[in-house]
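Welcome, and thank you for taking a look at this model. Please keep the sequence and the 3D view side by side as you read.

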Amino acid sequence: MKTLEAKSLVLLRHHLKALRLPTVSAECEKVAAQAAADNADHLTYLLQLLELELLDREKRAAERRLKAARFPTIKTLDTFDFTARPSVNKMLISELARCEYIDKRENVLMIGNPGTGKSHLATALAAAACHKGYRVRFFRTTELVTALIEARDERTFLRLKGQLAKLDLLVLDELGYVPASKVGAELLFDVISTAYERTSLIVTSNLPFESWTEVLGSERLTGATLDRLTHRCRIIETRGESYRLIDAKTRSRRSAERKSGQALDEPQVAK
Ligand code: ADP
Ligand code: MG
């Protein structure tokens, strides 16, 4: 077979760059050598190359979405120990990881004591959504409220609201740690009601619903917020004690077991 001259190869790379096909550019020679060895025809070669480009493109886009979501830490469902948290239904979490609730604009509420895995699950589910192509943003609720208050009288407010409106999934973590001011509560309500039936929300809170008035101030606002949030939503309760505590107890028990095991293994010295 006739091979491409060096000059034409430079031209090919130039075209591939102009067409923004970096993976085709990086892989074309290697795949061509393999295709020649396999006696593959031109169309098979083209198909293989374009599949590589597409896979890489999807990977890069997912990485961009993960970065844009601004997760404080990366958590996955693989590292979540469901046996330590029996109140969390593994089947439901796997279903949520498939993201159909986002297509249906449904919400997820996670309620439970501190350290029971709410942020872990919220991050892992939101990261799964990034991988599936959804636009996601993670906020600690106080961080969002502060940003909204600071931007309130400026053009940045509209920009921030515009950014929120483009999302498929918005995570509001830790609603309830700090009581919001009257203005803060109203701005938060505005975000939640704008998202209603347009953007899915994952909200985590250490407070049971009956205590939300402590955060949002008025009963009227709390009622209206809960009405929007809980209409078509999945509620996950992470009951029990903090995972850090469970983890610490398991570790100390294991190390005690190791020590007593060692003691048994030690040679018995005749007295
Ligand atoms: P919360 O948001 O409910 O306060 P976090 O999700 O921040 O709790 O959990 C505290 C720490 O414990 C995190 O590092 C988290 O990854 C870990 N963790 C919590 N629950 C589990 C679990 N069931 N399996 C594995 N790690 C867990
Ligand atoms: Mg948390």
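The report below goes from the overall build to the nonpolar cores and then to the aromatic rings.

This is a predicted model, in which local features need pLDDT of at least 70 and side-chain atom pairs count only at pLDDT 80 or more, while totals for chains, interfaces and linings use all residues. Residues are numbered from 1 along each chain as its sequence is written, chains are lettered from A and ligands numbered from 1 in the order in which they are written, and side-chain values use heavy atoms, with hydrogens and water left out.

**Overall build**

Let us start with the whole chain. The protein chain has 12 helices and five strands; these are DSSP runs numbered from the N terminus, with helices being H or I of at least four residues and strands E of at least two. The C-alpha trace spans about 85 × 75 × 30 Å along its principal axes. The radius of gyration of the protein chain is 26 Å, whereas a compact globule of 271 residues would have one near 18 Å (taken over C-alpha atoms, with the globule rule being 2.2 Å times the number of residues to the power 0.38).

Buried residues make up 38% of the 271 residues; buried means under 20% relative accessible area, exposed over 50% and partly exposed in between, with a 1.4 Å probe and protein chains only. Of the contacts (heavy atoms within 4.5 Å) between residues at least 6 apart in sequence, 81% join residues at least 24 apart.

**Nonpolar cores**

A nonpolar core here is a set of buried Ala, Val, Leu, Ile, Met, Phe, Trp, Tyr and Cys residues joined through side-chain atoms within 4.5 Å. The largest one has 31 residues, and L170, V203 and W212 touch the most other members. Among the elements that give two or more residues to this core are strand 1 (107-112), strand 3 (169-173) and helix 11 (219-230). Helix 9 gives the most, with seven residues. A second, separate core of 30 residues includes F82, L96, L169 and I202.

At 0% relative accessibility, W212 counts as buried. Beyond its neighbours within four places in sequence, W212 is in contact with I111, L175, V203, S205, L207, T222, L226 and L229.

Not counting residues up to four places away in sequence, L125 touches L77, I93, L96, A97, M110 and I202. The C-alpha atoms of L125 and C99 are separated by 8.3 Å, although the two residues are 26 apart along the chain.

**Aromatic rings**

How many aromatic pairs does the structure hold? There are three, where rings of Phe, Tyr and Trp (its six-membered ring) pair if their centres lie within 6.5 Å, and planes under 30 degrees apart count as stacked, over 60 as edge-to-face and the rest as tilted. Two of the pairs are set out here.

| Pair | Geometry | Centre to centre | Angle between planes |
|---|---|---|---|
| F71 and F138 | edge-to-face | 5.9 Å | 70 degrees |
| F209 and W212 | edge-to-face | 5.5 Å | 70 degrees |

F71 lies in the loop between helix 3 (42-69) and helix 4 (90-97) and F138 in strand 2 (residues 136-140), so their pair ties together parts that are 67 residues apart in sequence. F71 counts as buried at 12% relative accessibility, and F138 counts as buried at 3%. F209, the partner of W212, is partly exposed, with a relative accessible area of 25%.
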